[in-house]
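Welcome to this short briefing, written to be read with the model open beside you. Let's take a friendly look at a few side chains together.

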Amino acid sequence: MFMYNRGNDYISQEHMEYLKKVRIKRFSILLTQILILVLFLGLWEAAARLKFIDPFITSQPSRIFSTLISLYREGQLFEHIGITCMETVVGFSLGTVLGIIIAVILWWSEFLSKVFEPYLVILNSLPKIALGPIFIVWIGAGPISIIAIVLTISIIVTILEILNGFLGVDPDKIKLAKTFGANKFQIMMKVVLPSSLPVIMNALKVNVGLSWVGVIVGEFLISKAGIGYLIVYGGQVFQLDLVMTSVFILAAAAYVMYRCVAYVEKLLVKNKG
């Protein structure tokens with residue numbers, strides 16, 4: 001068996017071959033994803049140029065690119081992106097932190113968990129978007145109302161997902177910790193939280209999409225700037241190029257945010273290992 005020295009670690013030839021296959025697989029997946037996107041954009045552009053579709057209604061990649069350049073030259077591009085991203089990150093962060101804290105409290109107290117269970121189910125079933133006009137009246141038309149909408153949408157899902165993860169931890173692990181004299185705080189920190197890490201990260205990934213939905217809906221209602229505002233404005237004046245450009249910006253921003261969450265998950269799993 002051959003051993004390779006990589007830093008201070010010695011890796012077998014078999015392990016090196018395995019790592020090579022993993023890298024090739026990841027590269028193949030990424031390359032396929034890029035090719036699918038390029039093919040989609042190419043077919044879209046070709047269909048518009050050959051008049052198979054009406055570019056005024058569906059726009060086309062070249063017109064979207066021109067609109068993007070125009071927004072940049074007018075100094076509006078990063079202004080709108082920055083406002084929407086700020087609202088999304090703040091709402092996402094608040095929803096995540098508060099959701100985890102409340103889930104811990106409900107796990108800690110079975111009495112509170114039973115008391116609030118029906119209310120959480122009702123709130124989860126309620127169309128939170130319908131609360132938007134109420135927040136506008138209560139808080140006023142501004143970024144705080146939009147953040148409140150995002151918080152309302154994300155926090156309930158976070159609580160339910162993470163609480164179910166806490167309650168689904170192997171009871172034998174908890175019994176073993178109690179046998180060694182661990183108190184409830186130690187059980188939470190040493191057993192429940194580490195075991196629930198995949199559930200927590202999945203909840204965060206779900207919240208990425210929910211947060212963007214909340215922000216865009218809020219901007220539809222009240223905002224005078226942001227990606228949602230550009231979509232509404234473009235629709236009102238029949239500038240479909242602006243609408244499609246805003247949708248592409250939204251998709252790119254949501255993807256970047258999702259990748260950030262995935263990177264945090266990778267770091268946590270690596271440190272845990």
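Is aspartate 170 buried, exposed or partly exposed? In this predicted model, aspartate 170 counts as partly exposed because its relative accessibility is 35%. The points below place this residue and then turn to charged pairs and cysteines.

**Around aspartate 170**
- Aspartate 170 sits in the loop that lies between helix H7 (143-167) and helix H8 (171-179).
- From C-alpha to C-alpha, aspartate 170 is 9.2 Å from valine 191, and the two are 21 residues apart in sequence.

**Salt bridges**
- Side chains of opposite charge can pair when their charged atoms come close.
- You will find two salt bridges in the structure.
- One of them joins arginine 49 and glutamate 45, at 2.6 Å from N to O.
- Arginine 49 is exposed at 58% relative accessible area, whereas glutamate 45 is buried at 13%.
- Aspartate 241 and arginine 63 also meet in a salt bridge, at 3.0 Å from N to O.
- This pair links distant parts of the chain, with aspartate 241 in helix H12 (residues 240-272) and arginine 63 in helix H3 (residues 61-73), 178 residues apart.
- Aspartate 241 is buried, with 16% relative accessible area, while arginine 63 is partly exposed, with 29%.

**Cysteines**
- The structure has zero disulfides.
- The closest cysteine sulfur to that of cysteine 85 belongs to cysteine 260 and is 10 Å away, so the two are too far apart for a bond.
- Both count as partly exposed: cysteine 85 has 24% relative accessibility, and cysteine 260 has 45%.

Terms used: Residues are numbered from 1 along each chain as its sequence is written. This is a predicted model: local features need pLDDT of at least 70, side-chain atom pairs count only at pLDDT 80 or more; totals for chains, interfaces and linings use all residues. Side-chain values use heavy atoms; hydrogens and water are left out. A disulfide is a pair of cysteine sulfur atoms within 2.5 Å. Buried means under 20% relative accessible area, exposed over 50%, partly exposed in between (1.4 Å probe, protein chains only). Helices (H or I, at least four residues) and strands (E, at least two) are DSSP runs, numbered from the N terminus. A salt bridge is a side-chain nitrogen of Lys or Arg within 4 Å of a carboxyl oxygen of Asp or Glu.
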